[in-house]
Amino acid sequence: MTPRTPFFVRSFIIGSLATALTLTACGNSTQPQSASPTVSASASATATPSPTPTGTYKPADAKGKAENVPLPVLPEAAKANSKEGVEAFARYWFQALSYAYETGDTAAIKRSTGANCVFCDGLQESIGQSWADGKWIVGGRIETPVVAGKPGTGPESRQATVQVIQQQIEIHKADGTLYQEATEASNSGSQLVATFNSDGWMVTDLGLIR
């Protein structure tokens, strides 16, 4: 069995990201991070609508890939340059990331991520590696029960503090066997920074809250 590679860059500090392109995920702790209790309520917001799949959703397992995974749709609320807008956008972005883990398709993440978000690029490359050579991911689904927006560094910039809960992740090889040890489920706090322009919100930075 291939030695385990951690799914999240454990030494990450916001604004000072190592560029290691190892297999990564959205959390590294089964306990909430210290900043999580300070985020304000936004958990009751309606989830982002998704198109109706053509068939019944089936999660991945050791026998095969997920089927009919609903593709997240950017909600109208996420198109506003406001606190509520960045909250809706952050929720959508993590749903798109969850979709990428389940399907290997990172197109939605790429469309809503700026060119200078190094950590975001690392996530995309890591997902690509996890799905290369016939491999697939079992688990990895993400939920964001709490999202709290706040002002950024300028009128077109805002931040969102996000509670990110992610399922255990297993990578299976083409023959169904494990590629490496499973990564435990996680519950962590993340800080997302987004900039608003003519194309809407774009993620410009992302990191763990310590």
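1. Aromatic pairs. In this predicted model, the count of aromatic pairs comes to two. One of them joins W93 and F94, whose ring centres lie 5.2 Å apart with 85° between the planes, an edge-to-face arrangement. W93 is buried, with a relative accessible area of 0%, and F94 is likewise buried, at 1%. In the pair of F196 and W201, the centres are 5.1 Å apart and the planes stand at 70°; since the edge-to-face class requires an angle over 60 degrees, this pair is therefore edge-to-face as well. W201 is buried too, its relative accessible area being 3%.

2. Charge over a ring. K135 is placed over the face of Y179, at 4.9 Å from the ring centre.

3. Overall architecture. The protein chain contains three helices and seven strands. Read from the N terminus, the order of elements is α-α-α-β-β-β-β-β-β-β. The chain has 210 residues, of which 49% count as buried.

4. Nonpolar core. The largest nonpolar core comprises 40 residues. Those with the most contacts inside this core are F89, W93, F94, L97, Y101, L192 and L206; W93 and F94 are also the partners of an aromatic pair. Elements that give two or more residues to the core are the helices α1, α2 and α3 (118-130), together with the strands β1 (136-139), β4 (157-166), β5 (169-172), β6 (186-197) and β7. The greatest contribution comes from α1, with 12 residues.

5. Second largest pocket: volume and lining. The second largest pocket holds about 160 Å³ of space. Its lining consists of L74, A78, K79, F89, Y92, A108, R111, S112, D199, G200, W201 and M202. Two or more of the lining residues come from each of α1 (83-103), α2 (107-111) and β7 (200-208). Here β7 gives the most, with three residues.

6. Second largest pocket: composition. By class, the lining has seven nonpolar, two polar and three charged residues.

Definitions and conventions: Residues are numbered from 1 along each chain as its sequence is written. This is a predicted model: local features need pLDDT of at least 70, side-chain atom pairs count only at pLDDT 80 or more; totals for chains, interfaces and linings use all residues. Side-chain values use heavy atoms; hydrogens and water are left out. On a 1 Å grid over the protein atoms alone, a cavity is a set of points where a 1.4 Å probe fits but cannot get out, and a pocket is an open set with protein on both sides within 12 Å along at least five of seven lines; lining residues have an atom within 4 Å of a point. Grid points are joined across faces, edges and corners, and a volume is the space filled by probe spheres set on the points. Helices (H or I, at least four residues) and strands (E, at least two) are DSSP runs, numbered from the N terminus. Ala, Val, Leu, Ile, Met, Phe, Trp, Tyr, Cys and Pro count as nonpolar, Asp, Glu, Lys and Arg as charged, and the others, Gly among them, as polar. A nonpolar core is a set of buried Ala, Val, Leu, Ile, Met, Phe, Trp, Tyr and Cys residues joined through side-chain atoms within 4.5 Å. Buried means under 20% relative accessible area, exposed over 50%, partly exposed in between (1.4 Å probe, protein chains only). Rings of Phe, Tyr and Trp (its six-membered ring) pair if their centres lie within 6.5 Å; planes under 30 degrees apart count as stacked, over 60 as edge-to-face and the rest as tilted. A charge sits over a ring if NZ of Lys or CZ of Arg is within 6 Å of the ring centre and within 35 degrees of the ring normal.
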